[in-house]
Amino acid sequence: MIRAALCLSAVLALGACDKAEQAVDKAARTTAKAAVDEVLVTQLPFIPKNQITPYSDCVIDSASSGEILSLTRDAIGQVSQSTLNTVQTILTRPEAIKCIAEAGLTTQG
(Lines give C-alpha, C1' and ligand atoms only; values in the text may rest on other atoms or scores of the structure.)
Protein backbone atom coordinates (compact mmCIF):
# COMPACT_ATOMS: atom_id res chain seq x y z
CA MET A 1 0.00 0.00 0.00
CA ILE A 2 2.80 2.41 0.91
CA ARG A 3 4.70 1.49 -2.27
CA ALA A 4 1.61 2.13 -4.35
CA ALA A 5 1.18 5.54 -2.72
CA LEU A 6 4.85 6.38 -3.31
CA CYS A 7 4.62 5.29 -6.95
CA LEU A 8 1.48 7.35 -7.44
CA SER A 9 3.17 10.37 -5.83
CA ALA A 10 6.17 9.95 -8.12
CA VAL A 11 3.98 9.76 -11.21
CA LEU A 12 2.05 12.85 -10.15
CA ALA A 13 5.27 14.73 -9.41
CA LEU A 14 6.67 13.82 -12.84
CA GLY A 15 3.48 15.06 -14.45
CA ALA A 16 3.78 18.34 -12.57
CA CYS A 17 7.43 18.64 -13.61
CA ASP A 18 6.47 18.05 -17.22
CA LYS A 19 3.84 20.80 -17.07
CA ALA A 20 6.31 23.17 -15.41
CA GLU A 21 8.92 22.36 -18.06
CA GLN A 22 6.41 23.06 -20.82
CA ALA A 23 5.49 26.39 -19.21
CA VAL A 24 9.15 27.40 -18.96
CA ASP A 25 9.76 26.38 -22.58
CA LYS A 26 6.74 28.37 -23.75
CA ALA A 27 7.85 31.45 -21.79
CA ALA A 28 11.39 31.20 -23.20
CA ARG A 29 10.09 30.84 -26.76
CA THR A 30 7.77 33.82 -26.32
CA THR A 31 10.61 35.97 -24.99
CA ALA A 32 13.02 34.78 -27.70
CA LYS A 33 10.41 35.65 -30.32
CA ALA A 34 10.66 39.31 -29.26
CA ALA A 35 14.35 39.31 -30.22
CA VAL A 36 13.60 37.57 -33.52
CA ASP A 37 10.84 40.07 -34.31
CA GLU A 38 13.20 42.98 -33.65
CA VAL A 39 15.85 41.51 -35.94
CA LEU A 40 13.33 40.86 -38.71
CA VAL A 41 11.93 44.39 -38.51
CA THR A 42 15.19 46.32 -38.14
CA GLN A 43 17.81 44.20 -39.89
CA LEU A 44 16.00 42.25 -42.59
CA PRO A 45 13.88 44.82 -44.45
CA PHE A 46 13.17 42.46 -47.34
CA ILE A 47 10.64 40.63 -45.15
CA PRO A 48 7.20 42.21 -45.57
CA LYS A 49 5.92 43.76 -42.34
CA ASN A 50 2.70 41.73 -42.47
CA GLN A 51 4.76 38.51 -42.51
CA ILE A 52 6.99 39.21 -39.49
CA THR A 53 4.96 37.00 -37.14
CA PRO A 54 4.87 33.92 -39.42
CA TYR A 55 8.58 34.34 -40.18
CA SER A 56 9.47 34.58 -36.51
CA ASP A 57 7.30 31.54 -35.78
CA CYS A 58 9.34 29.57 -38.33
CA VAL A 59 12.61 30.81 -36.80
CA ILE A 60 11.54 29.85 -33.27
CA ASP A 61 10.22 26.45 -34.41
CA SER A 62 13.53 25.75 -36.18
CA ALA A 63 15.81 26.94 -33.36
CA SER A 64 17.69 24.64 -31.02
CA SER A 65 17.19 24.91 -27.26
CA GLY A 66 20.59 26.63 -26.99
CA GLU A 67 19.56 29.18 -29.61
CA ILE A 68 16.25 29.78 -27.81
CA LEU A 69 18.21 30.48 -24.63
CA SER A 70 20.57 32.83 -26.45
CA LEU A 71 17.70 34.68 -28.13
CA THR A 72 15.89 34.93 -24.79
CA ARG A 73 18.97 36.55 -23.23
CA ASP A 74 19.18 38.95 -26.17
CA ALA A 75 15.52 39.89 -25.83
CA ILE A 76 16.00 40.63 -22.14
CA GLY A 77 19.34 42.37 -22.67
CA GLN A 78 20.12 43.83 -26.03
CA VAL A 79 19.67 42.63 -29.58
CA SER A 80 23.09 42.63 -31.23
CA GLN A 81 25.03 41.42 -34.25
CA SER A 82 25.12 38.02 -32.57
CA THR A 83 21.31 37.98 -32.52
CA LEU A 84 21.22 38.80 -36.23
CA ASN A 85 23.77 36.05 -36.93
CA THR A 86 21.70 33.52 -34.99
CA VAL A 87 18.50 34.43 -36.84
CA GLN A 88 20.23 34.34 -40.22
CA THR A 89 21.73 30.92 -39.42
CA ILE A 90 18.34 29.53 -38.43
CA LEU A 91 16.70 30.96 -41.57
CA THR A 92 19.09 28.95 -43.76
CA ARG A 93 18.13 25.60 -42.24
CA PRO A 94 16.03 23.23 -44.32
CA GLU A 95 13.29 23.08 -41.67
CA ALA A 96 13.02 26.89 -41.58
CA ILE A 97 12.99 27.12 -45.36
CA LYS A 98 10.31 24.43 -45.52
CA CYS A 99 8.23 26.22 -42.85
CA ILE A 100 8.46 29.51 -44.75
CA ALA A 101 7.55 27.84 -48.06
CA GLU A 102 4.63 25.93 -46.53
CA ALA A 103 3.32 29.15 -44.98
CA GLY A 104 3.40 30.76 -48.41
CA LEU A 105 5.66 33.55 -47.20
CA THR A 106 7.48 35.82 -49.61
CA THR A 107 10.17 38.47 -49.60
CA GLN A 108 10.13 41.91 -51.12
CA GLY A 109 12.56 42.64 -53.89
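## Accessibility and basis of the model

A residue is called buried when its relative accessible area is under 20%, exposed when that area is over 50%, and partly exposed in between, with a 1.4 Å probe and protein chains only. By this rule Cys 99, at 21% relative accessibility, is partly exposed, whereas Cys 58, at 2%, is buried.

The model is predicted, with local features needing pLDDT of at least 70 and side-chain atom pairs counting only at pLDDT 80 or more, while totals for chains, interfaces and linings use all residues. Residues are numbered from 1 along each chain as its sequence is written, and side-chain values use heavy atoms, leaving out hydrogens and water.

## The disulfide

One disulfide is counted, a disulfide being a pair of cysteine sulfur atoms within 2.5 Å. Cys 58 and Cys 99 form this link with their sulfur atoms 2.0 Å apart, and the angle of -75° about the S-S bond makes it left-handed. The pair joins distant parts of the chain, 41 residues apart, with Cys 58 in helix H2 and Cys 99 in helix H5 (residues 94-102); helices here are DSSP runs of H or I with at least four residues.

## Packing of H2 against H4

Helix H2 (residues 52-62) packs with helix H4 (residues 81-91) at about 85°, their axes lying 9 Å apart, where axes are lines fitted to C-alpha atoms over the stretch in contact and angles between N-to-C directions run from 0 to 180 degrees. The two helices H2 and H4 are therefore roughly perpendicular, a term covering angles of 65 to 115 degrees.

Tyr 55, Val 59 and Ser 62 of H2 meet Val 87, Ile 90 and Leu 91 of H4, contact meaning heavy atoms within 4.5 Å. These residues divide into five nonpolar, one polar and no charged, with Tyr, Val, Ile and Leu among the nonpolar types.

Definitions and conventions: Parallel < 35°, antiparallel > 145°, perpendicular 65-115°, else oblique.
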